[in-house]
Amino acid sequence: MVALHKPQDAGLALHIEGLSHAFHLDGEPLPVLDNVSLDVAPGEFVALLGPSGCGKSTLLRLVAGLEPADRGTLEGDGQAITAPDPSRVVVFQDPTLYPWRRVWDNVAVGLEAQGVLKTQRGRVDAALAKVHLSEFARAWPRQLSGGMAQRVALARALVNEPRLLILDEPLGKLDSLTRIAMQKELIELWQRQGYTALLVTHDVEEALLLANRIIVFSERPARVKSEIVVDRAYPRRRDDPYLVNLRTQILQSLGL
Ligand SMILES: Nc1ncnc2c1ncn2[C@@H]1O[C@H](COP(=O)(O)OP(=O)(O)OP(=O)(O)O)[C@@H](O)[C@H]1O
Ligand SMILES: [Mg+2]
C-alpha cells in the first residue's frame, strides 16, 4: 500500500498508457519513449530515475501538454492532455526568473496570464509565504541566492494551485545543504497542499526521501525498467536501513 496524503481531491489522477515518442535528428527518427505506461494516483508522489538522455524530461513535457505525443494515451482525471494548463505546472532545474521583475511580480506571472491578478493578489502573497520568502517580495532576482531563486520558481508554480506539480531536477544545481533544506520544504508543501507530484531527479537518495514510488527507466528510448514502492512515513531518515536497502536495489536496477 502506498501512503497517500490528504486532501486527496487536490491531486490529479494521471494515466499514461503505451506512450511512445520520437524526435528527428538529421532526418533520422530518434526514438525517445517506448511504450511507457504509468498510473499515478491523486496525491501520490512519484520519482523518475534513469540514465541521462533517456527521455525523462521529454516525458514530463508531454505530461505538461507542452507538446503532443506520437502515440499512446495521456490523461489527467480521465481527460486527454492536449495543451498546457495551470493545473499542471513544471518547475525546471533553472529558475529562469525575469531579471527585470521583482520577486513578487515574477510569482504573479501565472495569474496575470490568466487575467485574474487584479482581484487575486493575495494568492501571490500566499505563495511567497509558502516558500518562506515574504520578506523578499520586493527584491530583484539578482539579489537572491540560488536556493532562494529556486524557491521563487516554486512559488511561481504554486500560485496556480496546481493539481499536478511536475519537477524536473528542481534541486539539481543547489549545494547539498540547501538541497537538504529544500527537500524538507518540498515534502511539507506536498503534504499540506495534497497535489500529485512527478519528480525527475538523478539523486537516488532524494527519490527515496521524497517519493511514494520510484520508477526506473532504461537507456533511450525510455522504457519502464522497474518500479519500487517506498512504504515509509515522513519525514524520512537518510540512514533508515529500509531506505539504504532500497538504494542498493535501485542502483543495481540503474546498472551502477
Ligand atoms: N526538441 C528536441 N529535438 C530533438 N531531440 C530532442 C529534443 N528534446 C530532446 N531530444 C533528445 O531526446 C533524448 C531524450 O532527452 P531528454 O531531455 O528527455 O532526456 P533526459 O532523460 O531528461 O536526460 P537528462 O537526465 O540528461 O536531463 C535525447 O537524446 C535528446 O537529444
Ligand atoms: Mg532531463
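Predicted model: local features only at pLDDT ≥ 70, side-chain atom pairs only at ≥ 80, totals over all residues.
Q: Why is Arg101 called buried?
A: The relative accessibility of Arg101 is 19%, and buried means under 20%, so Arg101 counts as buried.

Q: How do you know that the side chain of Arg101 and the backbone oxygen of Asp105 form a polar contact?
A: The side chain of Arg101 reaches the backbone oxygen of Asp105 at 2.6 Å, which is within the 3.5 Å set for a pair of N or O atoms.

Q: Why are strand 6 and strand 10 said to stand at the edges of the sheet?
A: The open sheet of six strands has the order 6-7-8-3-9-10, with mixed pairing. Strand 6 (88-91) and strand 10 (224-229) each have a single partner strand, so one side of each is left without a neighbour in the sheet.

Q: What makes strand 6 and strand 7 a pair?
A: Strand 6 and strand 7 (residues 164-168) are joined in the parallel sense over four bridges, and since pairing asks for at least two bridges, these strands count as paired. Within this pairing, Val91 stands opposite Leu167 in strand 7.

Q: What makes helix 8 a helix that packs on the sheet?
A: Helix 8 (residues 241-253) touches strand 3 (45-49), strand 9 (213-217) and strand 10, and its direction makes about 175 degrees with that of strand 10.

Definitions and conventions: Residues numbered from 1 in each chain as written. Chains lettered and ligands numbered in written order. Heavy atoms only, no water. Helix = DSSP H or I, 4+ residues; strand = E, 2+ residues; numbered from the N terminus. Contact = heavy atoms within 4.5 Å. Axes fitted to C-alpha atoms, helices over the stretch in contact; angles between N-to-C directions. Buried < 20%, exposed > 50% of the residue type's maximum accessible area, 1.4 Å probe, protein only. Polar contact = N/O pair within 3.5 Å; in protein donor to acceptor, adjacent residues only side chain to side chain.
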